[in-house]
Amino acid sequence: MLPGYVGGIGVLGPGLRNWPQAAAILSGKQPYAAEPTVLPNPSMLPPAERRRTGRVVKLALGVALEATAHADADPAQMPSVFSSSGGDGHICHEICQALALSTREVSPTRFSNSVHNVAAGYWSIATGSMTESNAVCAFDASFTAGLLDAMTQVTVDRQTVLFVAYDTEYPPPLHAKRPIPDALGIAMVLAPERTATSVARIDVTLTDEVPDRMSDPGLEALRSAIPAARALPLMRLLALGAAGRVVLDYLDVSRAAVQVEPCA
Amino acid sequence: MKPMKPLLLAQFTATSCIGTGVAPTLASLAGQRSGLRRCDFETVKIDTHIGEVPGVDAQRLPAELQLFDCRNNRLAELALQQDGFFDAVKGAAARWGRRRIGVFIGTSTAGIMQTELAYRARDPVSGALPVDFEYGTTHNSFSVADYVRRRCGLDGPALAVSSACASSAKVFGTARRMIEAGLIDAALVGGTDSLCLTTLYGFHSLQLSSPAPCRPFDVARDGISIGEAAAFALLERASDQVGGDAILLYGVGESSDAYHMSAPHPEGLGAKRAMQAALAAASLEPGDIDYINLHGTGTPSNDRSESQAVTSIFGPTTPCSSTKGATGHTLGAAGALEAVISALAIRHGMMPGGVQTTRIDPTLTAHYIKENRHSPVRRVLSNSFGFGGTNCSLIFGCAG
């Protein structure tokens, strides 16, 4: 059993512009309408760094900023877990394309931004945070894998942790092999104790039950197409402000059950 | 950082250019032999040296795991076959249960070479990648962790840490948290990174790879030599009565530089913070550390900032060295490889001197050793740092 409190939340995705708007859709107050994800410019980065950032960094920093803006904790003191099912697909495409030519000229900036921990690195630069930061991947299981890593820091080390799960699309021809349709990110501040801004208490356990689905066909399509969106059943409960239990997708042999108790 | 409960390294193995398995690795270290040689990898035309593991291409994967076939997973398979590692995993699974053992593997590029090769074979008309190219089980960072968990039949939590060159040091941190949280009782941790064009040409483009074999802490050091390796350890809760030759993980310390994507903090502030956190987790003082296995890549900036960070905590007398002159920089596998080297240093009472280095940079104040030292080694600190300013220090030691 991994207990903790969800504080600030950040969401960006196709038709999901921020947490308040996403919460209205997830709780059924507004209909879901798919539209291309709009990514903010990371104004928190110095101009030189900002120019170098791709969609992965814009997405991850965008949701991380929304989540931490609404939490009672200083981002510079928060350990973080960044979980993504793949790296920056556009950079990967450009590097592999360059390596397929006889000239093999790889851009040094693209190469240093090709690391899986690129968003964690830029977040640390942007916030001045020198705390530990993990960068993890578990392919389609990445959301729950990252959530478990973050929740163990919350429960074992009693630290308030920023958890960011995010995926971006791969361009053709890789897109045919990994058909992620668009960018989607979810961030949450997870704390060991209840604070003034706590939204809900959660308890995470492993189970082998079948993962929950979304009843709205548009949201269910999103859930199954983008690994970070496997969190949507949990986000729906948080949006409703309701107590309940959801089962999130994870590995072939195990899932995660999350018990949610809202902080009224 | 509160103290951690020490974890037992119930079994460990390493395969790199200096040895397939721990016995040849130890023999190479004892003989101060380097595995680096001039780069003739694949179609690469760069004036540099590499640490290539022999026999990787000839390695085959079991029929049921053919979708995972790529250089990276072949290297992982080759390494898993050494030192009775499969038997040790089987024993742990019988002891703890398959669901109670996690699998956490560090890698920076996994099997990206499959994608590099697929881009050379695109359909001339449509541009499509070859039909038989598999992304998820080869290129994706999780592929090697997924391969290891399937190959070993382990059903506990699993993930890949891909935090550049600190990846397979940081897996020890993930395992520590999961075990202390009670989610698992044991973990198969490690790292695997294999030679590929992305890293060879990428480090070359950043002017960070040396034409000569890398010379950590040398006054004339001018960059890294890229190597490949796979190293694994089985971590378990330590019982009170561990044997006299047991090796334990005493501390994990992690930090970020908050400075630059591809350059270390000039005074090594992030590195210093990671080492201090590891000492605090291990409830040790700097004077308790007998030997430091440095990150020591051989770039002018890494060695300068790491030396400053080490000296600021340990002063100028704690013996330290980098084993990358022997193995090359094995990137995402370096943390796990050097964890195994640290364990060998403790078990055999030998601090490996840094090979390839001729004249130690007099401006670097850390106590760098070039010759092997034979004396009891009770506690070792091992450093791993990476792009994005990610740092991890591990402390290993004997029981008691």
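Predicted model: local features only at pLDDT ≥ 70, side-chain atom pairs only at ≥ 80, totals over all residues.
**View 1. Helix 3 of chain A crosses helix 6 of chain A.** Here we look at helix 3 (residues 55-69) of chain A and helix 6 (residues 118-127) of chain A, whose axes come within 9 Å and cross at roughly 55°. The two helices are therefore oblique to each other, and helix 3 of chain A passes helix 6 of chain A in a right-handed crossing. On the side of helix 3, the contact is made by Val56(A), Val57(A), Ala60(A), Leu61(A) and Ala64(A). Helix 6 contributes Val118(A), Ala119(A), Tyr122(A), Trp123(A) and Ala126(A). Sorted by class, this contact has 10 nonpolar residues, with no polar and no charged ones.

**View 2. The surroundings of helix 6 of chain A.** How many residues of helix 6 of chain A are buried? The count is 10 of the 10, so the helix is largely enclosed by the rest of the structure. Among the buried residues are Gly121(A), Ser124(A) and Thr127(A), as well as Tyr122(A) and Trp123(A). Within chain A, the buried residues pack against helix 2 (47-52), helix 3, strand 2 (80-83) and strand 3 (133-137). Chain B takes part too, with strand 10 and strand 17.

**View 3. Strand 17 of chain B, covered on both faces.** Now let us move to chain B, where strand 17 (residues 390-398) is mostly covered, with 9 of its 9 residues buried. One side carries Thr390(B), Cys392(B), Leu394(B), Phe396(B) and Cys398(B).

**View 4. Strand 17 of chain B with its pairing partners, strand 10 and strand 16.** Strand 10 (residues 247-256) of chain B pairs with strand 17 of chain B in the antiparallel sense over 9 bridges. Strand 16 (residues 379-386) of chain B also pairs with strand 17 in the antiparallel sense, over 8 bridges. Ile395(B) of strand 17 is a handy landmark here: Gly251(B) stands opposite Ile395(B), and Leu381(B) has Ile395(B) as its bridge partner. Strand 16 and strand 17 of chain B form a hairpin with 3 residues between them. In that turn sits Gly388(B), with a positive phi of about 85°.

Technical notes:
Residues numbered from 1 in each chain as written. Chains lettered and ligands numbered in written order. Axes fitted to C-alpha atoms, helices over the stretch in contact; angles between N-to-C directions. Helix = DSSP H or I, 4+ residues; strand = E, 2+ residues; numbered from the N terminus. Parallel < 35°, antiparallel > 145°, perpendicular 65-115°, else oblique. Left-handed = near helix turned anticlockwise from the far one by under 90°. Contact = placed C-beta atoms within 7 Å. Nonpolar A, V, L, I, M, F, W, Y, C, P; charged D, E, K, R; others polar. Buried ≥ 20, exposed ≤ 12 C-beta atoms within 10 Å, placed from the backbone. Pairing = 2+ DSSP bridges.
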